[in-house]
Amino acid sequence: MTLFKAIWGVLFVGAYLCFVATPWTLSVRPPLTTERHEGGIEIPSFGLGTWLSDREKVAHAVEFALNSGYNHVDAALIYRNEDETGKGIEAAKLPRDKLWVTSKLWNADHRAKEATIAVQKSIKDLGVGYLDLYLMHWPVAFIPGEGTKIDESTSIVDTWRAMENIARSGLARKIGISNFSKRDVQKIMDSCQICPYAHEFETHPYLQQQEFVDWHKEIGVKVIAYSPLANTNPTYKDKQRLDPILEDPLWIDLAGKKNATVAQAVLAWGLQRDTIVIPKSVHEEYILENIGAVDIKFTKEEMEEIAVHDKKTRMNDPGRGWGIKLFADLDDPTQLDGDEEDEL
Ligand SMILES: NC(=O)c1ccc[n+]([C@@H]2O[C@H](COP(=O)([O-])OP(=O)(O)OC[C@H]3O[C@@H](n4cnc5c(N)ncnc54)[C@H](OP(=O)(O)O)[C@@H]3O)[C@@H](O)[C@H]2O)c1
């Protein structure tokens, strides 16, 4: 009789935990695991991108994502939608210390005075009080008010000093870099008093840069993978000759084996190689679909097969338009004799 009662007890508690106490519906996941460390959470491995998110749609996309298990938003002043992104953040009502918000210093704001004004504007527009991460968007300074004219008098090390002061003042918990060559990362590492927490750059199955990713692990800088869906961003349509990754037979096959969509499989690969992925979408179904990537794992053999299919093709390179050779020591650097481009 006692055994009978014990079995019923276990079944009852199990059923309660499964059907009553579980606070998440099938489409709403618990926030992704984040480690605590002194001063707040570490960067969550999955975030929502906002570049080219329509001003009319981004607030809803951000609110929906944050209420569906996302806790990380990637923003930038130059995306010209941080105020709308901030409305979404506010509507989602996540406790501030459970949310990760990144913004970026634009090229025209590299001088110390402009940098302070810029970070304060991003914080105000995003309505967050402070940023979790502030990135130097590009290793390129423009003369304020003169378009894309290069400011030869402001070096990346000068700007890093301004970034360090932003961190010291508490306006950003962490500071980092974006779109740097290896040489430029090294320059910052050699001179930093507060060193970069993360480097955000383009990497995906068609531009894997595995050595560069591994090197960041060695030097203790986290990698945030932008454009993690490779050439899915429509801005990249005319920039290269590759077929869309979402129609790539290799990825259709891999996704089929995992009972996943291609987008989920591609993002899962990014997570498995220890990069932080920040896919952008303004559609509820994609936002939910993409975060499903966290459940997918590849075998060692599958990872090796994906590595063989690296196309070493960069999608986002404004260097020609700015007259600057970017990514000089990386795969697919800027070719300075090309057409003008206007990516961010
Ligand atoms: N630091 C930098 O210089 C830099 C540069 C580029 C990007 N970024 C950051 O990285 C984020 C992501 O990169 P990205 O926006 O270039 O490209 P992405 O996230 O790789 O791709 C975005 C595109 O994919 C579509 N999409 C998303 N999920 C999909 C799915 N499951 N199935 C089919 N299509 C899907 C989106 O459509 P819809 O939006 O129409 O839903 C959008 O057109 C940016 O938003 C930005 O925050 C940073």
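Predicted model: local features only at pLDDT ≥ 70, side-chain atom pairs only at ≥ 80, totals over all residues.
Among contacts in this chain between residues at least 6 apart in sequence, 69% join residues at least 24 apart. Two residues are taken to be in contact when their C-beta atoms, placed from the backbone, lie within 7 Å. Residues are numbered from 1 along each chain as its sequence is written.

Let me turn to the overall composition. The chain holds twelve helices and ten strands. These elements are DSSP runs, numbered from the N terminus, with helices being H or I of at least four residues and strands being E of at least two. The chain has 344 residues, and 43% of them are buried. For burial, the count is of other C-beta atoms, placed from the backbone, within 10 Å of a residue's own: 20 or more is buried, 12 or fewer is exposed, and anything in between is partly exposed.

The sheet comes next. In what order do the strands of the open sheet run? The order is β3-β4-β5-β6-β7-β8-β9-β10, eight strands with parallel pairing. At its edges are β3 (48–49) and β10 (276–277), each of which pairs on one side only. Two strands are said to pair if DSSP finds at least two bridges between them. In general, the strands of a sheet pair through backbone hydrogen bonds, either parallel or antiparallel.

Strand β4, residues 72–74, runs parallel to β5 and is joined to β5 by three bridges. Within this pairing, D74 stands opposite T102 in β5. Strand β5 itself, residues 100–105, is mostly covered, with six of its six residues buried. Further along, β7 (residues 172–178) and β8 (residues 198–202) pair in the parallel sense over two bridges, and I177 stands opposite H199 in β8.

I now come to the nonpolar core. A nonpolar core here is a set of buried Ala, Val, Leu, Ile, Met, Phe, Trp, Tyr and Cys residues joined through C-beta atoms within 7 Å. Which residues have the most contacts inside the largest core? They are V62, V101, Y134, A265 and V266, in a core of 77 residues. Leaving out residues up to four places away in sequence, V101 touches V73, A75, I89, L126, V128, L131 and D132.

Two further buried residues illustrate contacts across the sequence. I43 lies in the loop between β2 (40–41) and β3, and counts as buried because 20 C-beta neighbours fall inside 10 Å. Beyond four places in sequence, I43 touches H72, W100, L133, A198, K222 and I276. I43 and L99 are 56 residues apart in sequence, yet 9.2 Å apart in space, C-alpha to C-alpha. L267, in helix α9 (residues 262–272), is buried because 27 other C-beta atoms lie within 10 Å. Its contacts, apart from neighbours within four places in sequence, are P228, V277, P279, N290 and A293. The C-alpha atoms of L267 and F46 are separated by 9.2 Å, although the two residues are 221 apart along the chain.

Next, the ligand and an annotated position. Around the ligand there are 28 residues, of which G49, L229, A263, K280 and S281 come nearest; a residue is near a molecule if its C-beta atom, placed from the backbone, lies within 6 Å of it. Helix α10, residues 284–291, supplies the largest share of this shell, three residues. By class, the shell has twelve nonpolar, twelve polar and four charged residues.

The unreviewed UniProt entry places the feature "binding site" at H137. UniProt positions are given in the numbering used here, with feature names shortened, and annotations may be inferred rather than shown by experiment. H137 is in the loop between β6 (131–136) and α5 (156–168). Is H137 buried or exposed? H137 counts as buried, because 21 C-beta neighbours lie inside 10 Å. Its contacts outside four places in sequence include K104, W106 and S178.

I close with backbone geometry. Most residues other than glycine have a negative phi. L52, in the loop between β3 and α2 (55–66), has a positive phi near 70°. K93 has a positive phi of about 60° and is exposed, with 10 other C-beta atoms within 10 Å.

Definitions and conventions: Nonpolar A, V, L, I, M, F, W, Y, C, P; charged D, E, K, R; others polar.
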